[in-house]
Amino acid sequence: MKIVLVTGLSGSGKSVALNVLEDSGYFCIDNLPVAFLDQALKQLVAEGLSQLAVAVDARAAGSLSYLSKNLEQIREAGHDVRVIFLNARDEALVQRYSETRRRHPLSQMLAVQNIFGEGSVQTLMDCIARERELLADIEPLGIPLDTSDLQPQVLRRWVKEILDLENAPLTVLFQSFAFKDGIPLDADLVFDARCLPNPHYDPKLKPLSGRDAAVISYLESFDSVREMIQDIGGYLQKWLPRHAEEHRSYLTVAIGCTGGQHRSVYCADALYDKFKDAYSCAVRHRSLSQRGKA
């Protein structure tokens, strides 16, 4: 089994690293006490899983002293184990907690232990200092990463590079919709096809959809329709690689028209055909699905 242990200071980016591993196919466990690592490993191996990522932090302080020995035993059993230790400067951690307004995970534990004396108040800096002490012995076990000046997308890229994770292909969903029903909440890019000739006003075409041959023939007879497909296609051809570089898993391209039946449906299908060989693509017609026509 491939095992990645993610540890380090709270606020240094462990959740970001764990999300990267989850997106890469790892079974992820957050805040697992070291004492349960062997038990969890045996159970997951029995279930046939081959990739495990575990986040360990100072809340498991009581068992951290056994981590080095546990890792040695796991490696001797034939598993591939890698450890990442995320760190950050105090001022960076303070700023992140200030922005999120979250309490430090150790604050409650230290209050219960009364480690700073009767009646003392555990400040954020107290918690950070104590956490550094608790993690000092395990820091040398991992690949060190200072995330003080890193944006999340940069940290994601670094984690993938360090662990040699394969990039999941970008899945592009082309979705047609009706503006009268509202823009889809999951839309990343929205294009408006209402400026194109409307088959709705042709009595023979009105009951059909943009997937019917007669409607397709009608729309393809107009230069404006061909130009819109070409322009949207050119835009996507240029910018989809940039979205893929940011390790996005999904991108929804929404094309709307008034009723979501003719023009947007045709455009979504045309764009799907244009990009299906270069990307993992899907197409969905929201309004047709609502009417039971898709």
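1. Buried means under 20% relative accessible area, exposed over 50%, and partly exposed in between (1.4 Å probe, protein chains only). Helices (H or I, at least four residues) and strands (E, at least two) are DSSP runs, numbered from the N terminus.

2. This is a predicted model: local features need pLDDT of at least 70, side-chain atom pairs count only at pLDDT 80 or more, and totals for chains, interfaces and linings use all residues. Residues are numbered from 1 along each chain as its sequence is written, and side-chain values use heavy atoms, leaving out hydrogens and water.

3. Strand β8 spans residues 250–257. Seven of its eight residues are buried, so β8 is largely enclosed by the rest of the structure. Cys257 is buried, at 2% relative accessible area.

4. Strands pair if DSSP finds at least two bridges between them. β6 (residues 171–178) runs parallel to β8, joined by eight bridges. Gln175 has Ala254 of β8 as its bridge partner. β7 (residues 189–192) also runs parallel to β8, through four bridges. There, Asp192 stands opposite Gly256.

5. Helix α8 covers residues 152–162, and its buried residues are Val154, Leu155, Val159 and Lys160. They pack against α1 (14–23), β4 (80–87) and β5 (143–146), where contact means heavy atoms within 4.5 Å. Asp164 follows α8 with a positive phi, near 55°.

6. The structure holds zero disulfides, a disulfide being a pair of cysteine sulfur atoms within 2.5 Å. For Cys195, the nearest cysteine sulfur is that of Cys267, 8.8 Å away. Cys195 counts as exposed, at 61% relative accessibility. For Cys257, the closest cysteine sulfur is also in Cys267, at 8.1 Å, too far for a bond.
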